[in-house]
4 protein chains.
Amino acid sequence: MLVVMEKGIPEKTIQACINAIEKRGYTARPIPGGDRVSIGILHNTGSVDAAHFLGLDGVKEVIPVTKPYKLVSREFKQENTRIKVGDAVFGDGSLPVIAGPCAVESLEQVLSIAGSVKKAGALLFRGGAFKPRTSPYSFQGLEKKGLEFLAAVREETGLPVVTEVMDVENFDIVEQYADVVQIGTRNMQNFSLLKRAGKSDKPVILKRGMSATLQEWLMAAEYIMAEGNNDVILCERGVRTFVRHSRNTLDLSVVPAAKKESHLPIIVDPSHAAGVRDQVISLALASAALGADGVMIEVHNKPEEAMSDGAQSLYPDQFISVMDKMNAIHQIVEQK
Amino acid sequence: MLVVMEKGIPEKTIQACINAIEKRGYTARPIPGGDRVSIGILHNTGSVDAAHFLGLDGVKEVIPVTKPYKLVSREFKQENTRIKVGDAVFGDGSLPVIAGPCAVESLEQVLSIAGSVKKAGALLFRGGAFKPRTSPYSFQGLEKKGLEFLAAVREETGLPVVTEVMDVENFDIVEQYADVVQIGTRNMQNFSLLKRAGKSDKPVILKRGMSATLQEWLMAAEYIMAEGNNDVILCERGVRTFVRHSRNTLDLSVVPAAKKESHLPIIVDPSHAAGVRDQVISLALASAALGADGVMIEVHNKPEEAMSDGAQSLYPDQFISVMDKMNAIHQIVEQK
Amino acid sequence: MLVVMEKGIPEKTIQACINAIEKRGYTARPIPGGDRVSIGILHNTGSVDAAHFLGLDGVKEVIPVTKPYKLVSREFKQENTRIKVGDAVFGDGSLPVIAGPCAVESLEQVLSIAGSVKKAGALLFRGGAFKPRTSPYSFQGLEKKGLEFLAAVREETGLPVVTEVMDVENFDIVEQYADVVQIGTRNMQNFSLLKRAGKSDKPVILKRGMSATLQEWLMAAEYIMAEGNNDVILCERGVRTFVRHSRNTLDLSVVPAAKKESHLPIIVDPSHAAGVRDQVISLALASAALGADGVMIEVHNKPEEAMSDGAQSLYPDQFISVMDKMNAIHQIVEQK
Amino acid sequence: MLVVMEKGIPEKTIQACINAIEKRGYTARPIPGGDRVSIGILHNTGSVDAAHFLGLDGVKEVIPVTKPYKLVSREFKQENTRIKVGDAVFGDGSLPVIAGPCAVESLEQVLSIAGSVKKAGALLFRGGAFKPRTSPYSFQGLEKKGLEFLAAVREETGLPVVTEVMDVENFDIVEQYADVVQIGTRNMQNFSLLKRAGKSDKPVILKRGMSATLQEWLMAAEYIMAEGNNDVILCERGVRTFVRHSRNTLDLSVVPAAKKESHLPIIVDPSHAAGVRDQVISLALASAALGADGVMIEVHNKPEEAMSDGAQSLYPDQFISVMDKMNAIHQIVEQK
C-alpha cells in the first residue's frame with residue numbers, strides 16, 4: 001500500500017499519518033519524492049484496507065501495491081493446480097469440454113443430449129436442476145427430480161455431471177448428486193455460499209460475477225480455498241458492458257491475466273456470454289485458441305423447444321463440428 | 001414481444017415462426033412492414049422469453065415490448081406505496097434519513113453515533129452486524145453481538161434499526177432484531193434470499209446490484225412481492241462503470257426512472273457509491289434535490305479508527321450540516 | 001511512477017530494470033518491501049509512460065503515482081479560474097445557466113426561445129449550427145445561416161451565444177460568431193481541434209468524452225491550455241454505461257472530483273445525459289445542489305416539432321420552474 | 001419504429017400521436033395489443049429519430065425496429081466486400097496480417113522491423129507518423145518525415161503501408177504516402193474526417209470507438225460510404241469497460257455480429273486492446289480462430305526502447321511464432 005500525500009503539506013501532517021498507520025499495526029516507511037512525500041506500508045500480511053487512510057488529513061491518494069489474495073495466487077503456489085474429474089483433467093494443458101443443456105427438462109432429454117455430446121468427445125455433462133431466473137414466474141428447474149436425472153446420465157454414460165447450487169439450504173443434496181458443483185455468476189459474492197463450498201469435497205466451478213474484477217473473482221475463490229477446498233475452477237462467462245449485440249461481453253483477456261496471477265485452472269463458457277448460436281461457435285473456437293483450460297458449451301437436441309436459453313444452444317451436429325475444430329486448434333496452440 | 005423477420009424470406013418461413021409462437025401458447029399477429037414482416041406476440045400474461053424465438057429460421061431480432069414485472073409496476077398499482085417505520089414514512093413525499101456507521105463495532109460506538117444522528121434529525125439508525133467483505137480475512141462483523149447492540153440503540157434512542165442480512169440461515173435472527181432488513185448489492189439476485197425476504201413481515205431495503213438494470217432490479221423486488229411482502233424500499237447505491245474517481249458511479253437518473261415504472265419508494269445511499277467523504281456530501285444534497293424518498297448516510301464518531309469504510313463516513317458535525325441543507329432543499333423541491 | 005517487481009527475482013534483474021529507467025533520463029529509487037522490491041521513479045517532470053517499463057523482465061506492475069496534468073491542476077494553481085462571459089461568471093460560486101434549443105432551426109425559433117429563457121434568468125443562449133449526427137442522413141444543422149441567427153439573438157437579447165465547432169476548417173467562422181465555443185463529446189480527443197481551440201481567444205466549453213476518465217478529460221483541457229487559452233469550462237454530459245433507462249449515465253460525482261483536481265470551472269448538461277424530459281428536470285435540480293459552476297439545459301418552444309432531441313427539451317414553462325428551484329437550491333448550498 | 005403507448009389512455013391521445021407521426025411524413029399503423037396499443041411507423045426510408053416521439057403525451061416507449069444503416073448493411077449487399085491491397089485481400093476468407101511498430105521512430109527502425117515482419121508473412125506494414133496522444137507533452141510522431149520513412153519501407157520491401165490520419169488538414173499528405181489510411185478510435189465519430197475519407201480513393205481502416213455500439217460504428221462507416229468510398233475495413237481494438245487487467249476489453253463477439261449485419265471486412269487489433277505482450281499473443285490466436293478478416297499486430301525490434309507502447313509490442317521472434325500458429329488455426333477454421 002502506498003499512501004500519496006498532497007504537495008507541500010507540513011511535516012507534522014505527515015507524521016500524523018505515519019502514526020495512524022502504525023496505530024493499526026503496520027510499518028510505515030516515508031519515501032520522499034520530487035515534490036511530494038509518499039508513505040509505503042510494509043510487512044503487512046494480507047490485505048490492507050485503503051479506506052482506513054483515504055480520509056486522513058493531507059492524504060491525496062491510497063494506492064494498493066500488493067494483491068490481497070494469498071492461497072489462490074501464483075506467487076503462493078507456482079505450479080498449476082490440476083483437478084481430475086472422471087477422464088478430464090483441468091489445468092494440465094488439455095482442453096476438457098463440458099456440454100449439455102441449460103436446464104434439465106426430462107430424463108429422455110438429458111439422456112439423448114448426453115449420448116450425443118459424449119460421442120462428440122465431451123468429458124463432462126452439464127445441466128441445471130436449480131435455475132436462477134430473473135423472473136419469479138419463469139421455469140425454476142426440476143430441482144431434486146433434475147438431480148436424479150443427472151445421476152441417471154452418469155450411470156448410463158459414465159460422464160461426470162456438473163450442476164449449479166444456488167443456496168446453502170440445497171448444498172447437501174446438490175453435492176450428493178453432482179461430481180462438480182457450480183456457483184453461478186449472481187452468487188459469486190454470496191459469501192455464505194462460498195464458505196459452504198469451501199467445506200465440500202467436490203470440485204467447484206466458480207463463475208465470474210457479471211461485473212467482477214479479476215481481483216474480486218480471485219478473492220471469491222480465496223473464500224473457498226480458505227475453508228479448505230483447493231479444487232476451484234474459474235469460469236469466464238462474459239461481463240456486463242454497454243455492448244448490445246451480445247448478451248454479455250466475453251472477456252477473453254482474463255484468461256491469460258488469471259493464469260498469470262493464479263495457479264487455478266480457468267475455463268470459458270461462450271454460451272451465456274453470447275446468447276446467440278452463431279456467436280457461440282466463433283467464441284468457442286477463440287477460447288480453444290486462447291489456451292483456456294476447458295470450455296463449457298450448451299447443447300440441446302431441440303433448441304427451438306428448450307425451456308430456457310434455446311437461442312444459445314448448439315444443435316448436436318454443430319457441436320460435433322465445433323469439437324473437431326477446437327481439438328485441432330488446441331493441438332496447434334499447445335505445440336511449443 | 002416483437003419478432004422481426006429478415007428481409008425477403010419466403011412465406012413458409014414466416015408461417016413456421018408463427019406456428020412456433022402459437023405452439024408455446026401465445027397469440028401471433030403478423031405485421032407487414034415496408035420491407036419486412038414483424039410478428040407481434042399478444043395477450044401474453046407475464047414475460048415471454050426472447051430466447052425462445054431468437055434462434056428460429058428467418059428471425060433477425062426479438063424485441064421485448066411489454067415489461068416482465070407485474071406487482072411492482074406502476075401500471076399494476078397507480079398510487080405510491082407508503083412504508084411506515086417508526087416516525088419515518090417512505091413514499092409519502094417526505095425525506096426520511098437513515099444514518100449510522102458501516103459496521104457495528106461496540107456498544108459505546110453505536111450509542112454515541114445514534115445519539116448524534118438522532119439529534120441531527122435522522123429517523124432510522126443503520127449498522128452492519130453481518131458484513132459482506134471482499135476478503136475472507138477482513139473483519140466480518142460482530143454478528144449476534146452486533147444485533148444486540150442495535151437493539152440497545154433502539155431501546156435507548158427510540159430509533160428503529162436497519163441492518164443487513166446475508167443469507168437465509170441468519171434471516172430469522174436478523175429479522176428478530178431489525179426493524180428493516182437490508183439485502184445488499186451482492187445479493188440482489190440471490191433468489192433464495194429474496195424468497196425468504198418475501199415471507200418476512202419486516203420491510204426490506206433492496207439495494208441495487210452492482211451492474212443491475214432497472215428491469216432486473218424491479219424483477220428482484222417482484223420476487224419479494226410475489227411471496228407476499230409488499231414493503232420493499234429500493235436503494236440506489238452506485239453502479240460499476242469504467243469510472244475511477246469514485247468507487248462506483250451513483251446513477252441518479254434511476255430515481256425518476258424507477259418512480260415512473262414502479263410505485264415502490266426509492267432511496268439513495270451516496271456513501272457506498274462515492275467512497276470518499278467530500279463526494280458523499282455533494283451527492284447527498286443532489287439526492288435530496290432529485291426527489292428521492294429517503295437518503296441513507298454513513299456517519300462515524302471516529303472515522304479514522306473505523307473498522308471498515310472510514311473514508312466515506314461523515315463526522316457528526318458534517319452530518320448536521322448536510323441534514324440542514326437536505327431538509328431545506330427538500331422543501332424547495334416539494335413546493336408545487 | 002512505482003515499478004513493482006515480482007517476488008524473489010535475482011538482484012541483477014532488478015538492476016537491469018533500474019538501468020532501463022535511468023537510460024530514459026529518470027531517477028530510480030529502489031524501495032525494499034516485505035517480500036518484493038518496488039522501484040520509485042522520481043523527479044520526473046510531466047508524465048512517465050507506464051508502457052516503457054511494463055514489459056521489462058521481472059516487472060509485475062507499473063503504478064502511476066503522480067498525475068500527468070500540469071496547467072489544469074489545482075496543485076499548479078490553487079484558486080478557482082473565473083471565466084466571465086456577458087453577465088455570467090463561471091467559477092466564482094454563482095450558478096449561471098445556459099439555455100436554448102439543441103439545433104438552430106429558424107430565426108423565429110431562436111428569437112422566441114431566447115426571449116423565454118432570458119426572461120427566466122438564463123445568462124447565455126445555446127444552439128447548434130453545425131450538428132454532429134450519428135447518421136449521415138440526419139439533419140446536419142443550418143451551418144453559416146445558423147450562426148447568423150445566433151448573432152441576431154445576441155443583438156436582440158444581449159445574451160452571449162454558445163455553439164459547437166466540429167472541425168478545424170470551420171473554427172474561424174464559428175469563433176467569429178460565438179461568444180463561447182463548444183467542443184462536443186465525440187471530439188474530446190480530437191487533438192487537432194483541441195490545439196486550434198488553444199489558439200482561440202474565446203472561452204471553450206469542453207464536453208466530457210462518452211467514456212473518458214477524469215484524467216483523460218483534464219489532459220484534453222491541458223491540450224487547450226498548453227496552446228495558451230486558459231478559459232476552459234468543463235462540461236459533464238453523461239457517460240456510457242450498461243444502463244438503459246437513460247441515454248447516458250450522468251456522473252455527478254465527477255463534479256466534486258474535478259474541483260479537487262483542477263481549478264477549472266465545471267458545469268453540467270443534464271439534457272444530453274437523460275434524453276427524456278422528466279429526468280432532465282430532476283437532474284438539473286441535483287446539479288444545482290451539487291455545487292456545479294453552471295448548468296446547460298435544452299429548451300424548445302415546440303419540442304414536439306423539434307428537428308433534433310425534442311424529447312429531452314423542456315417547455316419554456318418547465319424551464320421557468322426549474323430555474324426558480326435551481327436558484328433557491330443554489331442559495332442553500334452556498335450558505336456556509 | 002414501434003411507438004408503445006401507455007395502458008388505458010383515451011382514444012384521442014392515440015389519435016394525436018398518429019397525427020404527429022404522419023405530420024412528419026411517415027405512415028402510422030396502430031397495433032392493438034392485449035392491454036395497450038402500439039403504433040408501427042412504416043415505409044420510412046432511412047432512420048427515424050426516436051426522440052421525435054418519445055416525449056409525446058401517452059407514449060411509454062419508442063423502440064427502433066429497423067436499423068438506420070443502408071450502404072453498409074448486409075441486406076443492401078449480400079456478398080462480402082473484398083478489398084485488395086498489394087498481395088492482401090480483406091474479405092475473401094483469407095487472413096492477411098498487418099504488422100509494424102506503434103510509431104515510426106527512424107528509418108533504420110522501420111526498415112529493420114519491416115524486414116522481419118515480411119519474412120514472417122505479414123502482407124502490410126503499419127507505423128504511426130501522426131500519433132494521437134493523451135498528453136500534449138508526449139511524443140507526437142515524426143509527421144511528414146515519418147511518412148517518408150514509410151514510403152522507403154514500401155520501396156524496399158514491396159509491402160503496402162498503413163498509417164493513421166488525425167485530421168482533415170493532413171489528409172492530403174497522408175493519403176499521398178499511405179496505401180491504406182487509418183482512422184483511429186478517438187476519431188470514429190469525427191464526422192468531418194469521415195466525410196473527407198469518403199472522398200479518398202484509398203481504402204480506410206476504421207477503428208471502433210472506445211465505447212461505440214456496433215450500430216454507431218456501422219453508421220460511421222456509412223458516412224464514408226455515403227461519400228463514395230466503398231473500401232472500408234472495420235477494425236475492433238477493444239472497448240472501455242470496468243475491467244482493469246487489460247487496457248481495454250477486446251470484444252471478439254463483435255466480429256460475428258458485424259459480419260451478420262454488414263458486408264464489410266472486419267479485422268482485429270489485439271495489441272491496443274491488451275496493452276501487454278502476453279495477452280496480445282493469446283488474443284491474436286483467438287482472433288484467427290474467430291474468423292476475422294485480418295489481424296493487425298504491433299511488432300518492435302527493441303520494445304524496451306520504443307517511444308510508445310513498448311509493452312504491447314511483440315519481439316520479432318514472438319511474431320514469427322504467432323504467425324505460424326495463426327495460419328495453422330486459420331486453415332482449420334476455414335475447412336468446411
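**Note on helix 7 of chain A and the A–D contact**

1. Helix 7 of chain A, residues 214–226, is made up of 13 residues and reaches 18 Å from its first C-alpha to its last, which is close to the 18 Å expected at 1.5 Å a residue. The model is predicted, and the points below should be read with that in mind.

2. This helix of chain A is mostly covered, with 10 of its 13 residues buried. Among them are Trp217(A), Leu218(A), Met219(A), Tyr223(A) and Ile224(A), and the list of buried residues also includes Glu222(A). The cover over the buried residues of helix 7 includes helix 6 (191–198), strand 11 (204–207), strand 12 (232–236) and helix 8 (254–261), each of them in chain A.

3. After helix 7 of chain A comes Gly228(A), for which phi is positive, near 115 degrees.

4. As for the chain around this helix, chain A comes to 11 helices and 14 strands, and its C-alpha trace spans about 75 × 45 × 40 Å along the principal axes. Of its 336 residues, 62% count as buried, while among contacts in chain A with a separation of 6 or more, 65% are accounted for by residues 24 or more positions apart.

5. Turning to the neighbouring chain, 36 residues of chain D are in contact with 35 residues of chain A. On the side of chain D that touches chain A, the elements giving two or more residues are helix 8 (254–261), helix 10 (277–290) and helix 11 (316–334) of chain D, and the largest share, 9 residues, comes from helix 10. By class, this side of chain D has 21 nonpolar, 10 polar and 5 charged residues.

How values were computed
Residues are numbered from 1 along each chain as its sequence is written. Chains are lettered from A and ligands numbered from 1 in the order in which they are written. This is a predicted model: local features need pLDDT of at least 70, side-chain atom pairs count only at pLDDT 80 or more; totals for chains, interfaces and linings use all residues. Helices (H or I, at least four residues) and strands (E, at least two) are DSSP runs, numbered from the N terminus. The expected span of a helix is 1.5 Å times one less than its number of residues. A residue is buried if 20 or more other C-beta atoms lie within 10 Å of its own, exposed if 12 or fewer, and partly exposed in between; C-beta atoms are placed from the backbone. Two residues are in contact if their C-beta atoms, placed from the backbone, lie within 7 Å. Ala, Val, Leu, Ile, Met, Phe, Trp, Tyr, Cys and Pro count as nonpolar, Asp, Glu, Lys and Arg as charged, and the others, Gly among them, as polar.
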